[in-house]
Amino acid sequence: MVKGLTKALVVYYSTYGNTEKLAKALAAGLQSVGIDTDTAKVDAVSFDKLGEIDLLCVGSPVHAWNAAKPAREFLDSLKSLDGLSGKKAFAFDTKLRSRFAGSAGGKIEKKLKNMGLVVAKPAISAIVLGKEGPLEEGAEEAFKQIGVELAGLM
Ligand SMILES: Cc1cc2nc3c(=O)[nH]c(=O)nc-3n(C[C@H](O)[C@H](O)[C@H](O)COP(=O)(O)O)c2cc1C
């Protein structure tokens with residue numbers, strides 16, 4: 001067990017399942033070093049349990065150069081909550097390999113920061129090879145490793 005961090009939640013939105021796979025890989029990485037970690041789609045988050053977590057990870061596909069609408073709505077719904085300030089945060093996104101891809105992770109990260117969360121590690125993007133995927137080879141393994149690393153940063 002890593003000192004100081006006991007509980008994490010990975011919240012994601014995913015249309016085609018790619019971001020979901022990364023959310024689960026991230027959670028598996030955290031769990032592999034003893035962090036009690038749940039994953040939840042944006043519309044299935046138990047708000048009353050958010051107070052218990054030490055690390056909140058939020059992931060979304062890039063839709064029109066931004067986070068997907070359900071992910072943005074989730075973030076907006078956090079604004080009315082007390083008690084998130086000071087918790088650790090990490091944001092991630094999936095997007096196409098294009099210089100016009102835009103990003104979502106940085107925008108998610110900024111919103112979390114504005115709510116008083118502390119960015120544990122700068123946002124990371126993973127590449128999908130087409131709109132519906134698949135993920136670039138090795139992305140899931142990389143995200144599992146990021147989970148391990150996040151646990152170590154606490
Ligand atoms: C409505 C829509 C808008 C999109 N806009 C972008 C975009 O601006 N930039 C980009 O790189 N990919 C864009 N994509 C591709 C998504 O990033 C890709 O579908 C997503 O990463 C796949 O993840 P998911 O399986 O979790 O939905 C868009 C996809 C959809 C459906």
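1. The lining of the second largest pocket comprises seven nonpolar, one polar and four charged residues. Here Ala, Val, Leu, Ile, Met, Phe, Trp, Tyr, Cys and Pro count as nonpolar, Asp, Glu, Lys and Arg as charged, and the others, Gly among them, as polar. A pocket is an open set of points on a 1 Å grid over the protein atoms alone, where a 1.4 Å probe fits, with protein on both sides within 12 Å along at least five of seven lines; lining residues have an atom within 4 Å of a point.

2. The model is predicted: local features need pLDDT of at least 70, side-chain atom pairs count only at pLDDT 80 or more, and totals for chains, interfaces and linings use all residues. Residues are numbered from 1 along each chain as its sequence is written, and side-chain values use heavy atoms, with hydrogens and water left out.

3. The volume of the second largest pocket is about 150 Å³; a volume is the space filled by probe spheres set on the grid points, which are joined across faces, edges and corners. Among its lining residues are Lys-7, Asp-38, Lys-49 and Glu-52. Strands E1 (7-12) and E2 (36-41) each contribute at least two lining residues, and E1 gives the largest share, three residues. Strands (E, at least two residues) and helices (H or I, at least four) are DSSP runs, numbered from the N terminus.

4. The largest pocket holds about 270 Å³ of space. Its lining has 18 residues, and Pro-61, Val-62, His-63, Thr-94 and Lys-131 lie nearest its centre. By class, this lining divides into nine nonpolar, seven polar and two charged residues. H1, E3 and E5 each supply at least two of the lining residues.

5. The ligand sits in the largest pocket, in the sense that more than half of its atoms lie within 2 Å of the pocket's grid points. Two or more residues of the shell around the ligand come from each of helix H1 (18-32), strand E3 (55-63) and strand E5 (88-96).

6. The ligand is surrounded by 17 residues, each with a heavy atom within 4 Å of it. Ser-14, Asn-18, Thr-19, Ala-101 and Lys-131 are the closest. Eight residues of the shell are nonpolar, seven polar and two charged.

7. Oxygen atoms of the ligand lie 3.0 Å from a backbone N or O atom of Tyr-16 and 2.9 Å from one of Val-62. A polar backbone atom of Ala-64 is 2.9 Å from a ligand nitrogen atom. The protein covers 83% of the 620 Å² of accessible area that the ligand has on its own, by the Shrake-Rupley method with a 1.4 Å probe.

Definitions and conventions
Polar contact = N/O pair within 3.5 Å; in protein donor to acceptor, adjacent residues only side chain to side chain.
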